[in-house]
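Please keep the structure open while reading.

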Amino acid sequence: MQSLIKFILNNENIIYSESPSVRLLDWLRDSQKLTGTKCGCKEGECGACAVIINGKLINSCLVAMGSLCGANVLTIEGYSSTARFAALDMAYASVSAVQCGFCIPGMIMASECLLAEKNYPTENDIRTAISGNICRCTGYNAIVKAIAIASDAVEYTVPPIRKRWDEVMDVKELAPTSLYDALELRKNKALIPYSGGTDIMVSGLCSQNSYFFINNVSEMRQIISDDKYIRFGAACSFTESISNPLTPAILKEACKQIAAPAIRNAGTLGGNIANGSAKADAALIFMVTDSLLRLVSANNERILPVKDFYLGKGATALADDELIVEILMPKHGLDNYYYKKVGARNALAISRTSFAGIMDIENGVIKNNATAFGAVKDIIIRLPEIDKKLIGKTIEEAKAVKEVYLEAYDEAIIPRPGRVGVEYRKDICMNLLRDFLDSNGI
Amino acid sequence: MNPISNSVTKRDHSIKINGSAVYVCDYPTEGMLFGRILRSGIAKGTVKNVKLPELPQGYYYVDKTDVPGFNEVHMIQDDTPVFTDNPQFIGDPVGMLVGVDELLVNEFLLKIEVEYDEETPVFDARLSEDVFFAYDIDKGDTDSAFANADRIIEYSYETGLQEHIYLETNGMIAQYKDGKMNVHGSMQCPYYLHRAVVHATGLRHEDISIRQDVTGGGFGGKEDFPSTLACQVAVAALKANGKPVRVVFEREEDITATSKRHPSYCTYKAAIKGGRITGMIVDVLLDAGAYTTMSMVVLQRATNGACGVYDIPNIKIHGHARKTNTIPNGAFRGFGGPQVFFAIEMLMTHIAKELDTEPVKFKKSYFVNQGDSTSTDGVYHFPVPLPVMLDDVLSDSGYYEKLELFKNQNGRFRRGIGVSAVFHGAGFTGNGERDVIKATVRLSKSADGKVEILTGNTDMGQGLLTTLVKIVAKELDIPPDDVILTLPDTRRVPDSGPTVASRSVMIVGELLRRACLSLKNEWIDGEEQTVEQHYRHPDFLIPFDAEVFKGDAYPTYSWAVNAVEVEIDTLTGYISIPGAWGSFDVGTPIDENIVIGQMEGGFLQSLGWGIMENCAPRNGKIGNKLLCDYIVPTSLDVTDMNVRLYVEEYPEGPFGAKGAGEMPHVGGAPAIIEAVQNALGINIYRLPFMAEDVMDVLRSQKAAEKEVR
């Protein structure tokens, strides 16, 4: 028997008992006949299917039904009766921002999420808010203008009602809220842990997998600080990490450049590590900061340096019965950092090469020097034995070994052939590494 | 500006913004069958055997043996097969699997085993010996110009494939019931589909209807391709026992199997005498892909536009489109123009640099004028506003100040600015309208005084539902609410030609305006009345002879000047766009917002083509086949584009309107590539020119510096 998944769709209670692996997008369109939500790619790269879940913009193509326990889902059909929709409707009409219309329901959802957050958004706020919504017709100018016009009217409108399901949603056998229950489920090898869904739901076969959902496990949703570490719950989204005051600037900056708002609202820190990708942008920061992972199973718990977690392309040290529960990032020494992500465009970009560096200088002496390179090899490159060359030195002393240091990296960085050229990625690595030193006066 | 230009709320605004518009993918699927196309895995050869898995009741396979009429997709030529056993590119349709459950259809499709006899394919148009089409222009006395030249300058240019990425993928539904075939879906040209489905099914004209659904973008990508898909679903529908058969592409199939912009290879030789260009010999080669589809007409436009907006007295242009074993390339906004305008704009700059003169002034001194002869010995009959438009854009963008400012940059970020001047011949090339299209429109007045517009033209987002209504309401002097216009259904509308070539407002809009004049004359209150208007060729035109390629290729031209500023990060090669400016003359805008929207959207597509969009196939196979790797611009990749309109009214267009839709996709790419080459201090000969290419340049510049030291 399938579990019952209870959630709210456009202010109506839904009890869903079909397969929890079905894409929300397909369910909305096929079963609910809510065809205002469009399908443009099924990979989270166009935003045509964006809906609002618990007040956040989410691509419905990357959502499995089982993750919706207790959620509030709003689609264009539910939203179009609100006052704020009316403001957007008028504003979009006044500049003829609607051309072919296929991106528009998603674009309206993105507009609403921005206006719910900011009364007077800047042009950059607007462009960022819709940066995951591809429009091929307008060149975006008219849409940006429309949202600006709507924002002038928006103060006087009431945001959509967002009621939540009032019972506690704890579907132990599918979407537990306690870590204990999650770990019990994890023992069942047939189930794949589902956190944000933004990665596993891209696969064409995603709806045939069997998942259990850890996105409601409270122990994995918090960001706290102890005397040594900032402890990030693995199921915290990128957006939650960005908005939390405990999050160090280096991690915020990396998270802000991940994909686009709808992906940042769903994708999680733990998922970014667990997928074993060398292109993972948050993982790069955990590597350069020498963070630790708290891995827990039903009868064991261990702390593993994130560096030792990666074994090869897509291969990790995660045991079959373990979950990444927390990521422990050292609290101190992260202020002087350097971060650069190089993608093919300014949003919705997968890293072609990324670099992060940290240099902790105290009283003119380099106390710590750490670098990491993403999207170069099968595993993020982190070579403390080379970085050590600068530690304990003054800036002047470091200058003297600069070329030796750079040469060591020049030898060590051998990009894996990929779609983007090897020489190009190598040049970027070396350029950024040199710039990192330059920026520290070395 | 003419009062008609005042913007109104678009007719389809509400249904699109509230999500109630019904696109082909939105029809309820109960009782439908789903089709998936079996596509060739090889680039050239024959299919020896197709081994199907055991199919349960309700599932079936169709291939060329099921095509009751001709196994040809009727287009300009009929070489595109509906289904093939002799594939000519990877992705060529071999058959279609149909059944009640889409997931199962997919599963069975993957289980089909196909045996091929492979032959050697040709992927490089330059090595192809199969010439689909060739045209020659010979104007003036080029031989003497070259014989008397002080020097001859030669450069070659290349452009790459471009995919349309209309946000709605191609999709079509066909139902054959009670002897009638109904096809509806995403399309630009219902009557193209109608003729193609007649040809393939052998059914009678009157038994076939084609209806356009709300269409999520076209850009040319739904000009020729939907005819193929319509034939395929129609053939499948013949065996469906009256059930509708639906094919809606996933993005990957749309990218890997539908038409693209033709890659081009252009070589220019310029004869220079006394510091002036006296003649040019040009070779324009287009990679047509596996079938001819639209290549003939695309090549015509590329050939006659190869000298750009410049008055070169003596020219020889050889244009040829050659077959390769790749996806057939078809229509894409600009239609052969963007390729040659990129080449000629780069060429003029490169020649100016060789001659040590300032490129923009150099170009300006060659601008054509009203009364000058065109490359095909036609005439520019109307004023050419380029000089004013150029001055506007130079001043809007601060071109010369920035050029000065950007000299001798040696920091991490280098800026550059570039400018281009281009035209787009408005409407069909040559006598297409008169001899081939022969458009008809109809107005139907009901007793209550409401007037319905009946045309075969489509709105795919560009706003035709709104602009045609404005034209009719204005000319009849009735409220727009009393004018009815819905998406076309061939059962009800006459053939007023395809929605392509920036012709709909200029040609069809004018026919409607004239129909209004007749209706006004005959208007009787309370009576049902119908008027029909047929195309009439303007009298002033010099007849175009397609054999010798002489005469007026276009009745008039739209003009554009673009400027683009770039900033290059020398550490990463990344190109960003801090500024973009454009002045566009498309005649009277029938709706200012709509026209500005067209200009901005096309401009950004053109910039994407220049520096981002890349789907070059490797061994005939498209690698970048998803939206995560075929990169199109997001809202953060461009700044606020500064677009202005210049209005040079065209007396033969409705209220002075000319062709608009394609104009903005012509000049963006050359302007941005000029900006990149200015920033880097080099010459660039191809696009796309991307971050990797920038890094190659910087690497070799560094190496050269080292050598000097």
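In chain A, the C-alpha centres of domain 1 and domain 3 are 30 Å apart, and the contact between these two domains takes 22 residues from domain 1 of chain A and 21 residues from domain 3 of chain A. The model is predicted, and the predictor assigns the complex an ipTM of 0.97 together with a pTM of 0.97. For chain B the mean pLDDT is 97, with 100% of the residues of this chain at 70 or more.

**Domains of chain A**

- Chain A is divided into domain 1, which is made of residues 5-77 and 163-213, domain 2, which covers 83-154, and domain 3, which covers 221-439.
- On the side of domain 1 of chain A that touches domain 3 of chain A, the elements giving two or more residues are strand 4 (56-59) and helix 7 (179-186) of chain A, and helix 7 of chain A supplies the largest share, five residues.
- That side of domain 1 of chain A, where it touches domain 3 of chain A, consists of eight nonpolar, seven polar and seven charged residues.

**Contact between the chains**

- The two chains meet through 59 residues of chain A, which are in contact with 59 residues of chain B.
- On the chain A side of this contact with chain B, two or more residues each come from helix 2 (76-79), helix 3 (83-94), helix 4 (104-117), helix 5 (123-129), helix 6 (141-154) and helix 16 (422-439) of chain A, and helix 16 of chain A gives the most, with six residues.
- Sorted by class, the side of chain A that touches chain B has 30 nonpolar, 15 polar and 14 charged residues.

**Local features of chain A**

- In helix 1 of chain A (residues 24-31), the buried residues are A:Leu24, A:Leu25, A:Trp27, A:Leu28 and A:Arg29, and just after this helix A:Lys33 takes a positive phi of about 60 degrees.
- Strand 16 (residues 353-362) and strand 17 of chain A run antiparallel and are joined by nine bridges; within this pairing, A:Ile358 has A:Ala370 in strand 17 of chain A as its bridge partner.
- Strand 17 of chain A (residues 365-374) is mostly covered, since eight of its 10 residues are buried.

**Domains of chain B**

- Chain B is divided into domain 1, made of residues 27-120 and 180-247, domain 2, made of 264-429 and 551-703, and domain 3, which covers 432-534.
- The C-alpha centres of domain 1 and domain 3 of chain B lie 33 Å apart, and their contact takes 18 residues from domain 1 of chain B and 13 residues from domain 3 of chain B.
- Helix 4 (190-201) and strand 10 (208-212) of chain B each supply at least two residues of the side of domain 1 that touches domain 3 in this chain, and by class that side of domain 1 of chain B has seven nonpolar, eight polar and three charged residues.

**Strands and sheet of chain B**

- Four strands of chain B form an open sheet of mixed pairing in the order 15-20-21-24, with strand 15 (413-425) and strand 24 (642-645) of chain B as the edge strands, each of which pairs on one side only.
- Neighbouring strands of this sheet are turned against each other by 10 degrees on average, direction ignored.
- Strand 21 (residues 575-585) and strand 24 of chain B run parallel and are joined by four bridges, and B:Ser583 stands opposite B:Arg644 in strand 24 of chain B.
- Helix 16 of chain B (residues 664-680) lies across strand 15, strand 20 (557-569) and strand 21 of chain B, and runs at about 150 degrees to strand 15 of chain B.
- Strand 12 of chain B (residues 264-273) is joined by nine bridges to strand 7 (residues 151-159) of chain B, the two running antiparallel, and B:Arg151 has B:Ile272 in strand 12 of chain B as its bridge partner.
- Strand 12 of chain B is also joined by 10 bridges to strand 13 (residues 276-289) of chain B, again antiparallel, with B:Cys266 standing opposite B:Val284 in strand 13 of chain B.
- Strand 12 and strand 13 of chain B form a hairpin with two residues between them, in whose turn B:Gly274 has a positive phi of about 60 degrees.

Conventions:
Residues are numbered from 1 along each chain as its sequence is written. Chains are lettered from A and ligands numbered from 1 in the order in which they are written. This is a predicted model: local features need pLDDT of at least 70, side-chain atom pairs count only at pLDDT 80 or more; totals for chains, interfaces and linings use all residues. Two residues are in contact if their C-beta atoms, placed from the backbone, lie within 7 Å. Ala, Val, Leu, Ile, Met, Phe, Trp, Tyr, Cys and Pro count as nonpolar, Asp, Glu, Lys and Arg as charged, and the others, Gly among them, as polar. Domain bounds come from an automatic or database domain assignment. Two strands pair if DSSP finds at least two bridges between them. Axes are lines fitted to C-alpha atoms, for helices over the stretch in contact, and angles run from 0 to 180 degrees between N-to-C directions. A residue is buried if 20 or more other C-beta atoms lie within 10 Å of its own, exposed if 12 or fewer, and partly exposed in between; C-beta atoms are placed from the backbone. pLDDT is the predictor's confidence in each residue, from 0 to 100.
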